[in-house]
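Hello! Here are a few notes to read alongside the model.

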Amino acid sequence: MPSSGITAVDAAAKGMKLERYASGGALLLRRATSAKLVSASSHLLFRATVLATLALVFLFTLHYPSLLSRSFHLSAGAHPSSSSAAASHRSLLMSSSSSSASYGGAAWEKEIRRSARPSRDGGISVLVTGAAGFVGTHCSLALKARGDGVVGLDNFNTYYDPSLKRARQALLSARGVAVVDADINDSPLLEKLFDVAAFTHVLHLAAQAGVRYAMEAPQAYVASNVAGLVSVLEVAAKHADPQPAVVWASSSSVYGLNTDAPFSEEHRTDRPASLYAATKKAGEAIAHTYNHIYGLSITGLRFFTVYGPWGRPDMAYFFFARSIVAGEPVTLFRAADGSDARRDFTYIDDVVKGCLGALDTAGKSTGSRSGKKSGPAPLRVYNLGNTSPVPVTRMVAILEKLLGKKANKRIVTMPSNGDVPFTHANVSHATRDFGYRPTTSLEAGLRHFVDWFVQYYKLDVKIAKGGARSAADIKPAKKKKAAAAMSASS
Ligand SMILES: O=C(O)[C@H]1O[C@H](OP(=O)(O)OP(=O)(O)OC[C@H]2O[C@@H](n3ccc(=O)[nH]c3=O)[C@H](O)[C@@H]2O)[C@H](O)[C@@H](O)[C@@H]1O
């Protein structure tokens, strides 16, 4: 038993192999040489392919820089509408899907500078994010009308009908306000905007809105209301020179489960009832940090259920009006104790006055690009409400009266979806600091809304002057067309 472990059979086999190797040495050498040649030529081929690809990419990006830098443009364009939460989220993270134009360039910069330039002495220059949104459009128009410079930014996402946002953009464009089509998470673009125009203020209104939708698309709220806010504050704090003052949209929803009423800025806000509210509350904490470290002047405005012409189709007053006209049911929430849900509905014109008042009294930021701040900067938060909560059933009754048609009501107990039973603002701080005084009743405000609503959707509805009218006042032949037009927008 060979201890080496090599048997005769093994040795014979090994010998044969060695022999074969010896006799085939020349062949092996030839094979090795040709293998080396193949390997060398494939390396060459590989390198050539890589070089060619790089050259192609280089040439391609020369012609289409937007693919690297993302795309932004100032003009209106068609955007696909999608109701899926995933699509909305994607569009929140990305800049415009239209890649035909790019930012930068002499013409683009000239247009930004023109739009940012105030036309009155002492006017301010404001970058308005979410400018094609409901509050953003109204504020941009008001600023421009009084002679301030305004540049808008909006990503035109599909959370609700983008054609309504495009129509608002057209309105802005007609008044000389340029709206850049881009996302607030696009830091290079924000930096570029501050390089081109010396904005004195940022009115940051871009956000993922809607209390109940947060259960469907939670990440959209984090992307826009947390990451997006940080992106805006980073550029304002570290890139802009000098730093602007920032006024931004918080929400009445931060009061969450607070039961002390009317809601005061001194009340607890550490029990948000929805992820939406939590992201707004997080925004207030983030604002504190940027004020503390970088000396940014920051004002948070807690809006209370803002409504009016050019409003948001995802809000109850808007889709209730649509359902009433279309003869579809409206679902009304009742609190667990059996009481009607109530809201401190606040008319858009009152909110605009509050936003402008906040901008005018913001006070300067005290930091600089170098990271040093010369002293403490203002950090403020205000309620902007109407101070008179109204049951949602009353809101529906007003709409019924204006539209001359009874709603098909379904009353259900409020689902556990982040909603709160009531809101009620104490606005004494805003009154004290910038004279904020809401003056529009829900009746008057909804009348303005319905006027616009009927006109915008070309509805054949005669708006009631006085008491409720019969459903016959909506001409039956046109009813179908109206319903179709409205459902296309939701
Ligand atoms: O003020 C705020 O903080 C918030 O106001 C609104 O949120 P919300 O007040 O919930 O506004 P709607 O969704 O229009 O609801 C208004 C009322 O209608 C009720 N409602 C809503 C939907 C429905 O189908 N039925 C119904 O009775 C709600 O319970 C609520 O009382 C906005 O959607 C938020 O973006 C904003 O931040």
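**Notes on the sheet, helices and ligand shell**

1. Leu 301 stands opposite Tyr 382 in β11. Strand β6 (residues 298–303) pairs with β11 in the parallel sense, over six bridges; pairing here requires that DSSP finds at least two bridges between two strands. Helices (H or I, at least four residues) and strands (E, at least two) are DSSP runs numbered from the N terminus.

2. A word on the source: this is a predicted model, in which local features need pLDDT of at least 70, side-chain atom pairs count only at pLDDT 80 or more, and totals for chains, interfaces and linings use all residues. Residues are numbered from 1 along each chain as its sequence is written.

3. The open sheet has seven strands in the order β3-β2-β1-β4-β5-β6-β11, with parallel pairing. At its edges stand β3 (178–181) and β11 (379–384), each with a single partner strand, so one side of each is left without a neighbour in the sheet. From one strand to the next, the twist averages 20 degrees.

4. Helix α12 (residues 348–360) packs on this sheet and touches β1 (125–129), β4 (201–204), β5 (245–251), β6 and β11. The direction of α12 makes about 170 degrees with that of β6. Angles run from 0 to 180 degrees between N-to-C directions, and axes are lines fitted to C-alpha atoms, for helices over the stretch in contact.

5. Helices α8 (residues 187–196) and α9 (residues 218–238) pack at about 35 degrees, their axes 10 Å apart. Ser 187, Leu 190, Glu 191 and Phe 194 of α8 meet Ser 231, Val 232, Glu 234 and Val 235 of α9; contact means C-beta atoms, placed from the backbone, within 7 Å.

6. Do look at two cis peptide bonds. One joins Asp 241 and Pro 242, with omega about 5 degrees, and Pro 242 is found in the loop between α9 and β5. Another joins Ala 261 and Pro 262, with omega about -10 degrees; Pro 262 is in the loop between β5 and α10 (275–294).

7. Phe 156 has phi near 50 degrees, a positive value in a residue other than glycine. Its place is in the loop between β2 (149–154) and α7 (162–174).

8. Which residues come nearest to the ligand? Of the 18 around it, they are Ser 251, Ser 252, Met 315, Ala 316 and Ala 341; a residue counts as near if its C-beta atom, placed from the backbone, lies within 6 Å. Strand β8 (residues 329–334) gives the most to this shell, with three residues.

Terms used. Two residues are in contact if their C-beta atoms, placed from the backbone, lie within 7 Å.
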